[in-house]
Amino acid sequence: DSQQNLLQCLWSLYSAEPENAVELKANEWIRSLLRSLTGVDQEIRSLIQNLHYPEEEYHSKLLKNMVSTLVKELQGNQCDRASLFIRLPPDRLRSFSVLCSPIVTLIEVLPLVEALLTCREDDLDEALCTEFLESVSTGILQKKISLSDSAVMNLWLRYLPSLEQAILHLTETLITHSWASLLQVEVIIRDSLLPKAAACHPSLFRVLDNFFRTILLESDGHPKIITIIQAFTRCFVQALLQMQPQIPLKLYFPSVNQSLVMVLLVHPSDMPSAAWSQHLISIIQILKRNLQDKEDTRTSANIFESWFLLVQFGDWVNVALQQLMTADDISEMLLWLLIFYYRPHMENEQESNLMENMKSVYNQVKILINKTSVTFEEVQTALVTGNLYKEQSHFKDLISHLFLSFLLFSTGGRRIAKESVQLFTLVGTATGGISEMLAATAHRLKNKGCGASEDDKVHSTIELLQQQLHETQSENMHYIY
């Protein structure tokens, strides 16, 4: 006990930010004395050896006692504050964190790291030193430290760079490594704790949201980035629905129409497939109304907010492509949604022209859908209808994904799926975009679909196309680094 009291006194005397030569000299003396106290002289070493007590264990137990003493002081401070007793001064907390910084990865020190991260403060300025916060952040990313969820979230709340490092590390991991399915991607995302943290703390969600906006724009809408954003959104929504009590959605999505958020939050797998068309109509009506209401003051920012929300909940875009194969009565509404998704910033005249061209392509597709036997030449002819394949990449993606939906969700399309892979090269679409859509469709239909036997056929076609794409165009596969 006397040694612990002495150690506690030394910790109190240590200057986290020495301002003069005297304090620097005092810090050096304290560190020297600490080494002596925690060291083992010859007399003690002989005693330890006679008792057959490992010297390493002696050091470990001594460190545990020191940590235990400091943790009790921190925890006692939290209790005292509830009773309006004098709280622990910020410079005391800072001293703890300074001395703890070099040894945060030692298992004996983890209780102190937890206590420091979870201690409550009223001051606007962060009391814990940057070196400590950075060391903990690095230790977590390198898997040298295992902390509780609350401690990790407190680290991100206290030190924004640690949150940025975590999301950057997650994104780089998902981009640079291949994965077998979106289920594996979602497991990696959930294990990062970021979706849960975003659900618990709207401020963290908005930081992550801004990060995704930035990389989406910088990558020019790369399909793999879009897939990561959509997978993260699904994990976030799952965590959000488990929150009790519920936090108002406005705190997460302050700049978009809340009715649009509400309808997009409902995942296609959460309702019968027969209800998809009506739900898509609701999404489109709210989206159109939202854009038209702001027509007089319509800005790029307004359009971007609605578009980015649609990207985040992109499973409904995937459903719209599928519904075009069966729902003739709402085909024009679905085409409008797809045009907005693939090219949101267009003048009315441009939009009208593209709609007419897309109707021509879609009418050709409808003819093929109604045929029990389809030839490769017929598909090729339909694909170049309207000459849209010569337009910008956004239109190429739209047509490619429309025809991919035809290959997956029509009897004639499935029969010629294998030989039709080369048509995507004709359109000029990157193989990765097709691969991502195939993976997204397989994931979406895993639990819900248009019937068990129909789903089996779709899954078989997806596997066939994935294999064919890998065999014929693997050299064109590329990722963002």
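Visitor: What counts as a contact of Leu117, and which residues qualify once neighbours within four places in sequence are left aside?
Guide: Contact means heavy atoms within 4.5 Å, and with those neighbours left aside Leu117 is in contact with Leu128, Phe132, Leu133, Val136, Leu147, Ala151, Asn154, Leu155 and Arg158. This is a predicted model, in which local features need pLDDT of at least 70 and side-chain atom pairs count only at pLDDT 80 or more, while totals for chains, interfaces and linings use all residues. Residues are numbered from 1 along each chain as its sequence is written, and side-chain values use heavy atoms, with hydrogens and water left out.

Visitor: How do you know whether Phe236 is buried or exposed?
Guide: Phe236, placed in helix 13 (residues 223-241), has a relative accessibility of 1%, and since buried means under 20% relative accessible area, exposed over 50% and partly exposed in between (1.4 Å probe, protein chains only), Phe236 counts as buried. Not counting residues up to four places away in sequence, Phe236 touches Pro195, Ala198, Ala199, Phe205, Tyr252 and Phe253. Phe236 and Cys200, 36 residues apart in sequence, have their C-alpha atoms 9.9 Å apart.

Visitor: Which members of the largest nonpolar core touch the most other members?
Guide: Of its 149 residues, Leu117, Phe132, Trp156 and Phe236 do, and helix 13 supplies the largest share of this core, 11 residues. Such a core is a set of buried Ala, Val, Leu, Ile, Met, Phe, Trp, Tyr and Cys residues joined through side-chain atoms within 4.5 Å.

Visitor: On which side of the cut-off do Ser306 and Leu398 fall, buried or exposed?
Guide: Ser306, in helix 16 (residues 300-312), is buried because its relative accessible area is 3%, and with neighbours within four places in sequence left aside it is in contact with Val256, Leu287, Asn290, Leu291 and Phe340. Leu398, in helix 21 (residues 393-409), is likewise buried, at 1%. Leu398 touches Leu338, Ile339, Tyr342 and Met358, not counting residues up to four places away in sequence; Met358 is 40 residues from Leu398 in sequence and 9.3 Å away, C-alpha to C-alpha.

Conventions
Helix = DSSP H or I, 4+ residues; strand = E, 2+ residues; numbered from the N terminus.
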